[in-house]
Structures are given as C-alpha cells and as structure tokens.
Amino acid sequence: MNPTANLQGEHVMKSMHFLMALGLVCATAATGQPAVTPPAADGRVPLATALPKPVIRGSPVPITIPNVEPVPGKRPDFMVPAGTVNLAKGKKVTSSDTDPVDGELSLITDGDKSGEEGFAVELNTGKQWVQIDLGQPSEIHAILVWHFHSQKYRVYHDVVVQVAEDADFLMGVKTLFNNDTDNSLGLGVGKNRPYIEDYQGKLIDAKGVRGRYVRLYSQGNTSNKMNHYIEVEVWGKPVK
Ligand SMILES: [Ca+2]
Ligand SMILES: [Ca+2]
C-alpha cells in the first residue's frame, strides 16, 4: 500500500471526526440541550419510567397539614445502574386488607398509572399496607409510588416504605421512607416530609438495598380516610 495515500486517508478520517464533533457541539449550542442524555461517567443511566397523563378533576382542595413538601415541578433525572428494570411489574401483591373496598390488588403492579377512574385499588380505613413479592432477592435502586393523582391537592398520611428478606418482615428489614412523624403506625418516628400526590409519582431513593419483599403503609389521606394505590414500581436488578 502507498504510505502517502494511507497517511492522507488518516488525515481525512481525522478531519471527519473533527467535523462530526464540531457538528455535535453546534447542535448542542443551538438547542441548549444535547439530543440525548449520555450515560454518566460511572455507567449510570436515567431511570426511564413511562409517566401517565396529568388528570385533575374538581376544585383544588387546600392542604392544611404542616411541613408538606412544595408542589413538585418536573422531576430531574434519577440515575440508576444500566440494566435496572421495574422488578414489580406483574408481580403478586398482598395486603393487610384482603378484601379491597374497590378494585383489585393486581392493579398495583399491572403497569397502568392512569389517573382516570377505575385504575386505583381502594383499601379500607386506618393503617393499611400492601406488599409486593419480587420473587427473588434483589438489589433495589428506586421505588416509585402513585397513590392517587387526579386531585389537586391530596396528601396520604403516614407513608412508610420498607424492604425485607421475608414475607413477614422479620429479617433484614430496612426502612427507605417514613413520614409518620408522631409514630402513630408504631414503626418508628419518621423524618421524611409529607408530599402532594402527583402524576409523576413519588420517587424514593433505595440506594441499592437488598431484599425480596417491599411493603408500603399509609393511614388515610387529606380528603378521606381510605387508602389508595394506582401503581408501585420497584426499580432494581435480581441478585445473582
Ligand atoms: Ca396500575
Ligand atoms: Ca402519624
């Protein structure tokens, strides 16, 4: 091969790479945003859940309980390890209320998060929990919860989210979220704040904890004494 031709070819390639890079910079400068979110340096990627349409019915109901988090804006990207999936999808759900007032427990993991009527399971009054069996020990990075998002505004009382190794929550229990600040559930004094229900769901950072079962508590809400769930997602990976 002619060494000069090879060198010229290399030069052309380098020029092309330079022009491509320049094009990317120009595209970024033009829109102010890169076309896609690149993986972070540590190999993490944004958690990509599908959000339901915002649906708001009725007049706004003011929230009078103290220390509520401000109305959420668009949630920033939450980074998770590549290959993280929703382990809860289609998994079995059990509950302290074995005979829900309305709807079925299977609605909680059916993948549908619509705020329209008929998509939420309604559990009885008082302290109630729902529990998802992931089917195997798992490394959990985030939990997303939609209780009921078609009312402006609604807050559920005493939200506690725990992970455990066993179905009876006796082994390896870890509390990921607890806003029961007066310990009325008896699970410990919570330090998290009450939050307003929103179509984006509540994202709880699980920090890679391990467990097989996820349990979520609540105790009524600011509009009525009932407990509701539209969907719960548990983002993680099975432990090999
Ligand atoms: Ca659902
Ligand atoms: Ca309480």
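Modeller: pLDDT is the predictor's confidence in each residue, from 0 to 100. Keep it in view here, as this is a predicted model.

Colleague: Where in the protein chain is confidence lowest, and where is it highest?

Modeller: Helix α1, residues 3-31, is lowest, with a mean of 44. Strand β7, residues 160-164, is highest, at 99. For the protein chain the mean is 89, and 85% of residues reach 70 or more.

Colleague: How should I read the start of the chain?

Modeller: Where pLDDT is low, the coordinates should not be read in detail. In this case pLDDT stays under 50 over residues 1-34. The model gives that stretch three contacts beyond four places in sequence.

Colleague: How many helices and strands are there in the protein chain?

Modeller: One helix and eleven strands.

Colleague: What share of contacts joins residues at least 24 apart?

Modeller: Take contacts between residues at least 6 apart in sequence: 77% of them join residues at least 24 apart. As for burial, 31% of the 240 residues count as buried.

Colleague: Is strand β11 mostly covered or mostly open?

Modeller: Mostly covered. Six of the eight residues in β11, residues 231-238, are buried.

Colleague: Which strand pairs with β11 over eight bridges?

Modeller: Strand β6, residues 128-146, in the antiparallel sense. There, S138 stands opposite P238 of β11. Strand β3, residues 85-86, also pairs with β11 in the antiparallel sense, over two bridges. V85 has G236 in β11 as its bridge partner.

Key: Residues numbered from 1 in each chain as written. Chains lettered and ligands numbered in written order. Predicted model: local features only at pLDDT ≥ 70, side-chain atom pairs only at ≥ 80, totals over all residues. Helix = DSSP H or I, 4+ residues; strand = E, 2+ residues; numbered from the N terminus. Buried ≥ 20, exposed ≤ 12 C-beta atoms within 10 Å, placed from the backbone. Contact = placed C-beta atoms within 7 Å. Pairing = 2+ DSSP bridges.
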